[in-house]
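Visitor: I'm new here and would like to learn how to read a structure. Could you walk me through it?

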Amino acid sequence: MFVFVCAGCGAELTSPLSQVTLPIHARQKYGNGIQLPVLMESGTFAVDPEPWGPPWRRWEETDPEEAAARGIYAPVHALSDAVPDAIVIAPGDTRGTVLIPENAGGYCCGLDWGDGPNMACEACGLPVASRIDDCSLWQAVWLDADAVRRHPVDAADADNGPLSWPELVAEGKVTPPVEPIAGWGSRMGSHYWWSWNPQWEAAAGHALAHLLVASQGHPVTVPNGLAEEMFQRALDTLLPANAPPRRAVLAGPDRRPAPDADILLVPIHPQTGETWTPADPPTSAYSVPLPFGVWLWLAFPEPHLPVVPASGILPEGVLRDDPPAPRAHHLFRADSGTFQDTLVRLPAARSPWLREVLHNLTHHLRTGIF
């Protein structure tokens with residue numbers, strides 16, 4: 001467990017926090033006028049190793065070799081020259097901070113990065129963080145790596161380390177594929193509708209980039225059901241149909257991979273960021289990472305019940321009145337921003353056919369796969 005303190009005066013700026021992996025959807029911009037919830041669970045923090053935010057430098061002003069040294073292998077609109085290793089926390093976990101009103105510019109429905117850090121240390125006034133709650137952005141506080149220091153603390157309720165894979169499966173913390181989405185801008189105020197979960201769309205964008213690399217230019221098949229809804233339409237659009245197909249299967253804890261699989265859809269450990277790998281036998285299949293909560297729902301579609309159901313049967317003449325599971329009103333679309341950000345950071349993006357996919361991204365947006 002750690003607390004973050006002001007680099008200027010040492011005042012505590014957060015409650016005790018434990019580190020987890022950075023969510024794949026951390027930098028997602030979703031829709032227009034959408035009210036997204038808090039990014040991080042209370043009591044946790046994550047570190048983004050890459051710089052993000054102003055100052056920005058256009059791709060035309062960047063040496064491709066410099067970009068490759070930073071892990072970017074295909075053209076992007078702009079590169080950030082901000083300080084890397086920003087720390088993201090839930091807004092409710094901040095302590096001893098105040099807003100800087102004059103740095104809250106550039107927003108639509110709330111606060112964004114605008115004119116730089118918009119939160120300061122209450123004790124000494126040093127700008128230390130950016131509070132983000134604008135529409136279509138995940139609510140969070142991003143601590144500036146140069147303005148804070150991490151101090152270990154003894155917490156009586158601290159755990160003894162990350163959960164094992166079997167423990168994660170038993171815990172059963174799934175991410176549902178469909179959820180109510182809130183929007184601003186209606187004359188009636190906030191309004192809600194059922195839609196695909198933005199976390200699933202970001203996870204699909206991230207995984208789709210890996211699936212294209214794993215395809216080696218061949219068509220790819222994925223398991224029937226939700227995985228098919230997530231990926232097959234995009235794969236069929238982006239990949240040629242005149243070659244032997246490669247087979248992707250779900251694999252992970254309690255899901256042994258099929259021996260003839262070419263590609264494995266595997267979970268990411270939510271606390272360590274480790275990607276699950278089969279222990280035995282070794283496999284040459286390409287591993288495509290998915291957030292654990294998304295993978296768990298795909299691998300074990302029936303959600304875990306919060307309580308054990310009562311024994312026995314319903315009395316005669318009594319009918320169940322459970323409402324049907326809600327469905328989204330449109331076909332699934334992978335998040336284009338997450339897809340692009342992931343693919344340009346894979347070395348295979350240097351290949352001409354993947355450069356062509358990136359070049360035609362606007363066209364693919366019109367087709368509705370993103």
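**A helix, some cysteines and a strand**

Guide: Let's begin at the start of helix H3, where a side-chain oxygen of Asn197 comes to within 2.9 Å of the backbone nitrogen of Gln199. Keep in mind that this is a predicted model.

Visitor: How many residues does H3 have, and what distance does it reach from its first C-alpha to its last?

Guide: H3 covers residues 198–215, so count 18 residues, given that helices are read as DSSP runs. From end to end it reaches 25 Å, close to the 26 Å expected at 1.5 Å a residue. Just past H3, Gln216 has a positive phi of about 55 degrees.

Visitor: Is H3 mostly covered or mostly uncovered?

Guide: Mostly covered: 17 of the 18 residues in H3 are buried.

Visitor: Why does Cys6 count as buried?

Guide: The cut-off is under 20% relative accessible area. Cys6 is buried because its value is 2%, and Cys135 counts as buried at 6%.

Visitor: Which strands pair with S16?

Guide: S15 (residues 220–221) pairs with S16 in parallel over two bridges, with Val220 opposite Arg246. Between S15 and S16 the chain passes through helix H4 (residues 226–238), making a left-handed β-α-β crossover. S17 (residues 263–268) also runs parallel to S16, joined by three bridges, and Leu250 stands opposite Leu265 there.

Definitions and conventions. Residues are numbered from 1 along each chain as its sequence is written. This is a predicted model: local features need pLDDT of at least 70, side-chain atom pairs count only at pLDDT 80 or more; totals for chains, interfaces and linings use all residues. Side-chain values use heavy atoms; hydrogens and water are left out. Helices (H or I, at least four residues) and strands (E, at least two) are DSSP runs, numbered from the N terminus. The expected span of a helix is 1.5 Å times one less than its number of residues. Buried means under 20% relative accessible area, exposed over 50%, partly exposed in between (1.4 Å probe, protein chains only). A polar contact is a pair of N or O atoms within 3.5 Å; within protein, one must be able to donate a hydrogen and the other to accept it, and residues adjacent in sequence count only if both atoms are side-chain atoms. Two strands pair if DSSP finds at least two bridges between them. A crossover is right-handed if, with the strands pointing away from the viewer, the path from the first strand over the helix to the second runs clockwise.
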